[in-house]
Amino acid sequence: MDISNTAKLAQKLVRIPSVTPNDNGCQEIVKDILKPLGFTCYTIEEQGTTNLLALHGHGAPFTLFLGHTDVVPTGDESAWEHPPFCGDIIEYDGEPYLYGRGSSDMKGGDAAMIMAMHEYISANQNHRGTIGLLLTSNEEGDAVGGTPYVIDYMQQRHMIPDYCIIGECSCDNVFGDSIKNGRRGDLNATIVVKGIQGHAALEQYAKNSVFEASRFINLMLENPIDNGTAFFPPTSFQVSNIKAGTGADNVIPGSCTLRCNFRWNDLQTPESIEQHVRSIAKQADIDCEMDFREEGKPFLTKDGKLIDALYHAIEEVTGLSPDLGTSGGTSDGRFVRPLGTETVEFGPISSRIHKVDERVSVKDLDALTSIYVKALHELMDK
């Protein structure tokens, strides 16, 4: 089966086990593609993170493609139908898919961005303005030494993009149905709920911290933080991890530790969310300790030339009129938007990211490449 240059590049990248924050040579492959086109490539390493900043041209307008080469761990590899880093093209329901960890999130999108730049610049060596690519090996982790570090590097050198296109999965049900023009913020909390440890047969002398934690969780679910805005869904509350007990079956646990995650909209701040959570615990007389850590602020691009360019390109390639949305996970766009840069995400369907048997449609990757090329023409030629 003949496959496109985009699919071939995505295969090469998927076959490299670059579990965060290890790039493991992915960015070297990208440099080998871009340098012959005249890109100036900077490798920026910081605290175990590898970043690639590649630039072509000079001046404004400056369009930056943003992505990451790291992937989340595979988990139990025996649960996968095929080896998770095989990078094979496999048919599902008669359609070819690129299979493997990172194929959707986001090496398929990386390949589409890179090959779109390659196609555009090969035909327009003397294009107006600057076209750039920023790849980091620490997006799936804590981002230390990653995109925020490189953005500071760029700011110090007055490299401020006008437009930023992020090739993350953005589509909800059908390829082309959604542009993510923003994302909610990310806030984590460790909440230690206290009880009284005791013998499981003498419950009258103990207080089960798991039951107390359950009361707290139910109250949080019954009292949502907000109902959302015109651009954002409601601020969410999730318990991501829970730990309690001594390991013995006959001991009532005296403490229960919850790891909680909040995805927050522009009605909230980390302080307002913390105040809400503490008030819920206080009203219910739940004895607990809390520690909150902000991981990222919400960002939003309401309108502008970038959204118009992508919208027109998506309509032309897919025949669909995409919606604008902010649902789903956060991305490194939260570090770029504060520069005043029009920032959006557009990439494949998001339903298979981080899953066992992760895969992405080869047809969608090829369409994505075409959309990026058309968007570049509208942004850079006019």
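## A walk through a predicted chain

Let's start with what is tucked away: of the 382 residues in the chain, 53% are buried, where buried means under 20% relative accessible area, exposed means over 50%, and partly exposed is in between (1.4 Å probe, protein chains only). Keep in mind that this is a predicted model, in which local features need pLDDT of at least 70, side-chain atom pairs count only at pLDDT 80 or more, and totals for chains, interfaces and linings use all residues. Residues are numbered from 1 along each chain as its sequence is written, and side-chain values use heavy atoms, with hydrogens and water left out.

Now for the overall build. You'll find 9 helices and 19 strands in the chain; these are DSSP runs numbered from the N terminus, with helices being H or I of at least four residues and strands being E of at least two. The chain is as compact as a globular protein of its length, because its radius of gyration, 23 Å, is close to the 21 Å that the globule rule gives for 382 residues. That radius is taken over C-alpha atoms, and the rule is 2.2 Å times the number of residues to the power 0.38. Along the principal axes, the C-alpha trace spans about 80 × 45 × 40 Å.

How do the parts of the chain meet? Take contacts (heavy atoms within 4.5 Å) between residues at least 6 apart in sequence: 80% of them join residues at least 24 apart.

Gln155 gives you one such spot to look at. This residue lies in helix α4, which covers residues 147–156, and Gln155 counts as partly exposed because its relative accessibility is 38%. Leaving aside neighbours within four places in sequence, Gln155 is in contact with Ile160 and Leu339. Gln155 and Leu339 are 184 residues apart along the chain, yet their C-alpha atoms are separated by 8.6 Å.

What about the cysteines? A search of the whole structure turns up 0 disulfides, a disulfide being a pair of cysteine sulfur atoms within 2.5 Å. Cys86 is buried, at 13% relative accessibility, and its sulfur is 15 Å from the closest cysteine sulfur, in Cys26, so that's too far for a bond. Cys260 is buried too, at 0% relative accessibility. For Cys260, the closest cysteine sulfur belongs to Cys256, and at 9.6 Å that is also too far for a bond.
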